[in-house]
Amino acid sequence: MAILFLTIFILIGILFAFRVYTYENSEFRKMTGYSLFNIWTNPHIKNTYLLVQSLKYLQGEYKLLLNLAFPTSGGKRKLDAIVIHESGIYVFNIQQKNGWIYGREQDEQWAQATNNKNKLIPFANPIIETKKSILDLQDQIANEKSDLFHLVILFTDNCSFKKIVVKSNNVSVMKINEMKHFWKAGTEQKMSAQEIDSVYQTLKQYTGGQNTSFHMNHATNH
């Protein structure tokens, strides 16, 4: 029995060491400097990590920017992530909400219900907030057309969408576990490698102090 427990303990240790080794050599670790402990203890960092991990399903040329902040008259407007891809510019707003989520694209406020399902907790409509950020982006990228932008509101897997109404084709509201299918959906090429790099070079100045930009090319399957 003691040998069995020792074997199990050794196997767990090997698996843990492999997990740490894999993460320490990951692009996310190189980009952000966040440790595995940070991912375990900080929900926002964890969800950002899961977003970056989902990009392995995205085929074609893209560049990634994390933790952006654009100067405004009232201070700074922050963005969690931007993916600049052949098919367009994807702007992400990561929401740390649990429970039931209610909201319509046009409403100024959305609502969250947690333990007490009869009590709704209002919060600012993340679509409206992110659309303001896209206007900031358009100011920086004067030559880019507005139809390149796709707004993605990303919720944790711990919530449930009870009544979400979105009518715009360039707006998506989803959970993190849906990103795989989102990236695997067929996309039309709208940007060349040179255009991707031009946008990337313009926007990377707005990332945080850490190295939060990344370039990748996943060969497209035919």
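Q: Which residues have the most contacts inside the largest nonpolar core, and how many residues does that core have?
A: The largest nonpolar core has 29 residues, and those with the most contacts inside it are Leu68, Ile82, Ile84, Ile89, Leu137, Phe155 and Leu203. Such a core is a set of buried Ala, Val, Leu, Ile, Met, Phe, Trp, Tyr and Cys residues joined through side-chain atoms within 4.5 Å; buried means under 20% relative accessible area (exposed is over 50%, partly exposed in between; 1.4 Å probe, protein chains only). Bear in mind that this is a predicted model: local features need pLDDT of at least 70, side-chain atom pairs count only at pLDDT 80 or more, and totals for chains, interfaces and linings use all residues. Residues are numbered from 1 along each chain as its sequence is written, and side-chain values use heavy atoms, with hydrogens and water left out.

Q: Which elements give two or more residues to this core?
A: Strands E1 (60-72), E2 (75-85), E3, E7 (149-155) and E9 (171-175) do, along with helices H5 and H7 (193-203). Helices (H or I, at least four residues) and strands (E, at least two) are DSSP runs, numbered from the N terminus. There's also a second, separate core of 26 residues, which includes Leu36, Ile39, Leu58 and Met174.

Q: What does Leu137 touch?
A: Leaving out residues up to four places away in sequence, Leu137 touches Phe70, Leu79, Ile82, Val91, Phe149 and Leu203. A contact means heavy atoms within 4.5 Å.

Q: Is Thr130 buried or exposed?
A: Thr130 is buried, at 1% relative accessible area. Thr130 sits in helix H5 (residues 126-140), and beyond residues up to four places away in sequence it touches Leu79, Val91, Asn93, Leu151 and Ile153.

Q: How many aromatic pairs does the structure hold?
A: Ten. Rings of Phe, Tyr and Trp (its six-membered ring) pair if their centres lie within 6.5 Å; planes under 30 degrees apart count as stacked, over 60 as edge-to-face, the rest as tilted. Take Tyr90 and Trp183: their ring centres are 5.3 Å apart with planes at 75°, so they're edge-to-face. Tyr90 lies in E3 (residues 88-95) and Trp183 in helix H6 (residues 179-184), so the pair ties together parts 93 residues apart in sequence. Tyr90 is buried at 7%, and Trp183 is buried at 4%.

Q: Which lysine lies over the face of Phe123?
A: Lys97, at 4.5 Å from the ring centre. Lys162 lies over the face of Trp100, at 4.4 Å. The test is NZ of Lys or CZ of Arg within 6 Å of the ring centre and within 35 degrees of the ring normal.
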